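User: Please take me through selected features of this model, with the criteria stated for each term.

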Amino acid sequence: MAEGWSGSYDPGSQSDDSYHFERTHIEPIYDAFVCPLTKQVMRDPVTLENGQTFEREAIEKWFKECKESGRKPVCPLTLKDLRSTDLNPSMALRNTIEEWTARNEAAQLDIASKSLSLGSSENDVLQALKYVQHICQKNRSNKHVVRNAGLIPMIIDVLKSSSRKVRCEALETLRIVAEEDVDNKEEIAQGDTVRTIVKFLSHELSQEREEAVSLLYELSKSESLCEKIGGVNGAILILVGMTSSKSENILTVEKADMTLENLEKCEKNVRQMAENGRLQPLLSLLLEGSPETKLAMATYLGEMVLSNDVKVFVANTVGSSLVDVMRSGNMQAREAALKALNQISSFEASAKILIDAGILPPLVKDLFTVGVNQLPMRLKEVSATVLANVVNSGSDFESIPIGPNNQTLVSEDIIHNLLHLISNTGPNIECKLLQVLVGLTSSSKTVLNVVSAIKSSGATISLIQFIEATQRDLRVASIKLLHNLSPYMGQELADALRGTAGQLGSLIRVISEDNGITEEQAAAVGLLADLPERDSGFTRRLLDEGAFELIISRVVRIRQGETRGNRYVTPYLEGLVQVLARITFVLADEQDMVRLAREHSLAALFTDLLQATGLDKVQKVSANALENLSQESKHLTNLPEVPDPGFCGSIFPCFSQQPVITGLCRVHHGICSLKESFCLLEGRAVGRLVACLDHTNEKVVEAALAALCTLLDDGVDIEQGVMVLCEADGIKPILDVLLENRTVVLRQRAVWAVERILRNEEIAYDISGDQNVATQLVDAFRHGDYQTRQIAECALKHVDKIPNFSGIFQKMG
């Protein structure tokens, strides 16, 4: 019975290596030291009434089993009944064993210290480490012995071993030595040991990482070591990375996470964690820490660079608290809160969260307050920056009250105050407030409010003056704002630019910069493009400033691929072409414009731009320009001089024979060219315009059809114009435009063109059988405006759908 029981008792966690080490290096064991049940040296010997001695824990377990089995207690050696189970401590034996143990452990530690050297064999080092682990686990007081014996530095040196097994065992040994012993933790952390341990976190071998993070976790339990661990370059970054790793052992991930939780005791570590993506500790301190800690955390947050998804997380977590600080905190706290809000407001989604948290009223109040409670200018600049960030989120600012009288950000008095600040503060604040107005004018919901306030304040001239600012950011903000305003204040802006000395020249210089296409250049040319195209005075100013030659060269370079493309090349090119097209609107009154168009072959250039596939606006504007140019062809064509028939010829016409003049334009009956008279027949313009009739964008189709209609206009040979369209395969596309009936404007133009085409009897005969065409003409006759109905009536007469008699419209009237 005793033999079977003895195997069930676990005397400890002693490994085979450490036990072998202990058995090899020990004074002789006296039989009286060994418990008959456990076969191990006793720690707490007790004696029974019959004089037999056992380990207390072992004999107590024996008696318990006897009782549970219903047997009388017996001595496990003699198996005789016992009258009593009282246990008498054997103090003398215990003291003797302790003295024996102390002598042996001292001897064994001495041997272990000799084995813990890089010159020892791997097996000796491993046995020594196992032994140190064993004695530390056996008795906590032995950890002091290990430290006093100078073994800790020796174990640390073993970390340099080339053997992976030795390194892993050394890390484990240090962890066991450090457990629940502050002094040992301090000793382990001396010198560069912590840095060495951190290096193991980057090892490819997972076992070393696991042992290293376990040791770091143990050391991090000491608050005094947290700063030292965090001070090791890369330590916190690696630990944060381990917590989010999907390939790491789950226990390792948990240990890394618990280590970071311990390291949070140090504010410096909290900041590092935040910088490396673990923001929750910083945000928790910002919400729950002491006033000093809250201030420090807000200050840290204001200095950080955050990714967009992190900005959203931060806004959700502490946005409301930061806004509350803006409302009621002292100046130092408000500064920290403002700078933090500046960081997290620069992303659209996080800015919207801050708007919901009520950031607008305190922001506007800070900007407009003067006197004792006003913010210093450096903080007003931050407020203006935050407001600019928030406004560019695209929220509905018409519905968000910000003042005591339910004013909104686009109320007239608020805009007036912003305009006043823009004119009376420094460049940095002016720039940010201009960006606020840029944001408000970028929305169709709020732009009209801003336009109205600017007009009522008379601020147009002052806003235009910023075009000449030396600070690039200020100039860019100004130009972007004016670009947004130009569709609604075109004439006012044109008048202001025409009447000032330098602003127009500054805009042109911006457009001419040759260092890649910038946002500023795209905005500048877009501003000019939106100004009234028929303002001949402004067009003349552009000519005098040399703008058109510059624009032509830029367009040609882009078309030839000499200007590298970027995100702004499309709006830049669209603006250039639109400004260039201004020339074609004033040809009738400005001979200088005609000379410029001829000199630079503008008709050919606009014809080429019809092929700018994917750039609908460029194609539309080019077709519009060709329409204007073609309308001037009948005035610019060089009509041949007919020789004087002489006296006899005038009296007797039969004696006079008219000379035959060849090379004349079929449509204009003069000498034409694309360059000199802008005649569409002389280039490839007709075919390219016909191709545009199949465009998906109705505006492009409208412009192309209008340009082709100039070949059928009064003052030209309409019959020959129809033949030109036939030869260019343009009749069917024009009929298709009529049949598709896509817009009112297209129907009006298509009806006009079809009526002119149907004047050709042969074509009219061919089309008369097409019921679809007749149906569309009848529909235009019934539902079009007065002029369209008249034209449709004529067209229907051409195909014999209406009798050819007059008076219908008079009767209808």
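This is a predicted model: local features need pLDDT of at least 70, side-chain atom pairs count only at pLDDT 80 or more; totals for chains, interfaces and linings use all residues.

Analyst: Residues are numbered from 1 along each chain as its sequence is written, and side-chain values use heavy atoms, with hydrogens and water left out.

User: In what order do the three strands form the open sheet?

Analyst: Strands are DSSP runs of E of at least two residues, numbered from the N terminus, as are helices (H or I, at least four); two strands pair if DSSP finds at least two bridges between them. β2 (53–55) and β3 (88–89) each have a single partner strand, so they stand at the edges. The pairing is antiparallel, and the order is β2-β1-β3.

User: Is Gln 503 buried or exposed?

Analyst: Gln 503 belongs to helix α29 (residues 503–512). Beyond its neighbours within four places in sequence, its contacts include Ile 464 and Leu 497, contact meaning heavy atoms within 4.5 Å. Buried means under 20% relative accessible area, exposed over 50% and partly exposed in between (1.4 Å probe, protein chains only). The relative accessibility of Gln 503 is 6%, so the residue counts as buried.

User: How are α36 and α39 oriented to each other?

Analyst: Axes are lines fitted to C-alpha atoms, for helices over the stretch in contact, with angles from 0 to 180 degrees between N-to-C directions. Helix α36 (residues 616–636) packs with helix α39 (residues 698–709) at about 20 degrees, the axes being 8 Å apart. Angles under 35 degrees count as roughly parallel, over 145 as roughly antiparallel, 65 to 115 as roughly perpendicular and the rest as oblique. α36 and α39 are therefore roughly parallel.
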